[in-house]
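User: Hello! I would like to learn how to read salt bridges in a model. Could you walk me through this one?

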Amino acid sequence: IIATADHPFWSRSQQSLVSLHPEETKGKYGFEAVGLMGEATSFLDVDGAEVPFLGAQLVEANAEVVTVTVTRHHWFFAGGVLVHNKGGSFSSSSSSSSGSSSGNFFGGD
């Protein structure tokens, strides 16, 4: 998965949102509790099975980013694991937008 370092993922092992930059995630998106993604983190797949975190590599890049806003619960599966959309608004429709961004992205194995 390639994502911004502040993107919120659901951690099955921690039963909370996690990111590589939890303070930035909390500040940007208004989440009250975000844990640090690390060695003990596991994710949840579409079948409810545990997916271990195998590591991350930070990359400075200019890349096209897509922000997805999904209705009601704001959860979707990306790369086979449960993530939260970064939109955060509780709208009644699904939408997406894209644009260019530069900064830290990460990709795991």
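User: How many salt bridges does the count come to here?

Analyst: Side chains of opposite charge can pair when their charged atoms come close. A salt bridge is a side-chain nitrogen of Lys or Arg within 4 Å of a carboxyl oxygen of Asp or Glu, and by this rule the count comes to four. This is a predicted model, where local features need pLDDT of at least 70, side-chain atom pairs count only at pLDDT 80 or more, and totals for chains, interfaces and linings use all residues. Residues are numbered from 1 along each chain as its sequence is written, and side-chain values use heavy atoms, with hydrogens and water left out.

User: Which residues are linked in a network of salt bridges?

Analyst: Asp 6, Glu 24 and Lys 28 are. The closest N and O atoms are 3.2 Å apart for Glu 24 and Lys 28, and 3.3 Å apart for Lys 28 and Asp 6. Lys 28 lies in helix α1 and Asp 6 in the loop between β1 and β2, so this pair ties together parts 22 residues apart in sequence. (Helices, H or I of at least four residues, and strands, E of at least two, are DSSP runs numbered from the N terminus.)

User: Is Asp 6 buried or exposed?

Analyst: Buried means under 20% relative accessible area, exposed over 50%, and partly exposed in between (1.4 Å probe, protein chains only). Asp 6 is buried at 3%, whereas Lys 28 is exposed at 51% and Glu 24 is partly exposed at 36%.

User: What does Arg 12 form a salt bridge with?

Analyst: Its partner is Glu 50, with the closest N and O atoms 3.5 Å apart.
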